[in-house]
Amino acid sequence: MSRSSANTKRKPKKDPRVKKQAVLHATQGTRVQSQRQSNNYISHTLQQSIIPVIKASLPPLSSANLKERKLDWKPALQQYITRYNQAETDQFAPRLNDLYSDEIHQERVEERLERVRERELLRGIHAEGSETKAEIIQVNELDREVVVHLRLHVKRRLQQDGQQYIEERHDHERVWLMNDHDKWLISKIEPIMLERKPRFGGAVMDWNSEHEAEEEPPVIAVPYLNTDLIPNFRRVTQGKRYRRDLVVAYADQWWNKGNPTYDEFDSNCTNYVSQCIFAGDVPMIYTNRRDSGWWYKGRQQGKEWWSYSWAVSKALASLLMKPRKQGLRAIEKEYADELELGDIIVYDWNGNTRYQHTTIVTAFDAKGQPLVNANTTAGRHRYWDYKDSYAWTPNTHYRFFHITDYV
């Protein structure tokens, strides 16, 4: 199948402690010019072409006492969102430096933006602008301190070799604001790296292929899901084509929210990718054993009824490495640009073979490099290496799986 170009908000469950959610919005457009000097130092001339605009409508908090208080910490948070958006557009950390006193986070931001800036120079990427929306998920207020959980939806307009595409991602941060002589200042920022949190944590068995239970032959089973929505579930047909177009359509529809037909997990990336594969007409490998096969039946009487490989990144990687004659099968590739639409990338952030994150290929950039979707920390048409994530480390290891054309 020919590759498509890149031109082709998961809604979290509402926290009962917050009656209403607040949304802050900022847009920014810049032109970035780069010049390599003789000492290989990369300098940037930043010319602002669009004046940043911020709109905020923050409803009062649920407590009656809080409603009576002047919520004057919000302007400080609004300013942070505006500067955050500028820094994302320019890939220039000093935009944020005078807004908070957290030196640890300042260094963290500088390292992330520096590696993204270098990567985009090598890719020939020009950022035409960005838009950042910040949603307040939760607020904890004390007399002189406020802690805010933010979800940032970043949408960047990128150009590469004459082609344009939009990259989207969600970032989660916890922001501490402190009242100092009636002035609210940001004292600390902590990124919430959901993609580093594997489902079941360290309690899952070591998913090396030699430890995986021997699979029983697939059997006919009636799933907990509505079978009207799942054509041909009951038939395990050898030689059926993997519908990559349906995979991409499903992935783009559900990248930022959970499909209510399925359970949604705190760490939802592999569950989401399994749903995408299944939407591509891949039959389940049903064994009724959680440590083998690849299957989902739902939840019955409070009990989980799905295989580990359906919902755990390392278990899915182990399944894809194991040869089989039919059903979900994959060939491991050495390089990312060997992948096709609907193929899988798994991520080991620490280099210890404990894979914690899973993405699915949904588009390609102008140079043929994969762009991926994910759902735990939601992302759409995001460059596959994840260097724009705080979860990334120099020890990050990837595995690339090409799903066979016939399953």
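Trainee: How is a salt bridge defined here?

Mentor: A salt bridge is a side-chain nitrogen of Lys or Arg within 4 Å of a carboxyl oxygen of Asp or Glu. Glu120 and Arg156 form one, with their closest N and O atoms 2.8 Å apart. This is a predicted model, in which local features need pLDDT of at least 70 and side-chain atom pairs count only at pLDDT 80 or more, while totals for chains, interfaces and linings use all residues. Residues are numbered from 1 along each chain as its sequence is written, and side-chain values use heavy atoms, with hydrogens and water left out.

Trainee: Which elements hold Glu120 and Arg156?

Mentor: Helices (H or I, at least four residues) and strands (E, at least two) are DSSP runs, numbered from the N terminus. Glu120 lies in helix H3 (residues 103-123) and Arg156 in strand S4 (residues 145-160). The two residues are 36 apart, and the pair links distant parts of the chain.

Trainee: Are Glu120 and Arg156 buried or exposed?

Mentor: Buried means under 20% relative accessible area, exposed over 50%, and partly exposed in between (1.4 Å probe, protein chains only). Both Glu120 and Arg156 are buried.

Trainee: Which residues are linked with Glu120 and Arg156 in a network of salt bridges?

Mentor: The network joins Arg119, Glu120, Arg156, Glu167 and Asp385.

Trainee: How many salt bridges does the structure hold?

Mentor: The structure holds 26. One of them pairs Glu168 with Arg380, with the closest N and O atoms 3.6 Å apart. That pair also links distant parts of the chain: Glu168 is in strand S5 (residues 163-180), Arg380 is in strand S13 (residues 379-383), and 212 residues separate them.

Trainee: Why does Arg380 count as buried?

Mentor: Arg380 counts as buried because its relative accessibility is 18%.

Trainee: Which residue does Asp171 meet in a salt bridge?

Mentor: Asp171 meets Arg169, at 2.9 Å from N to O. Asp171 is buried, with a relative accessible area of 9%, and Arg169 counts as buried at 2%.

Trainee: Which residues is Ala317 in contact with, leaving aside its neighbours within four places in sequence?

Mentor: Contact means heavy atoms within 4.5 Å. With those neighbours set aside, Ala317 is in contact with Val346 and Phe401. A C-alpha separation is another kind of reading: for Ala317 and Glu332, 15 residues apart along the chain, the value is 9.9 Å.
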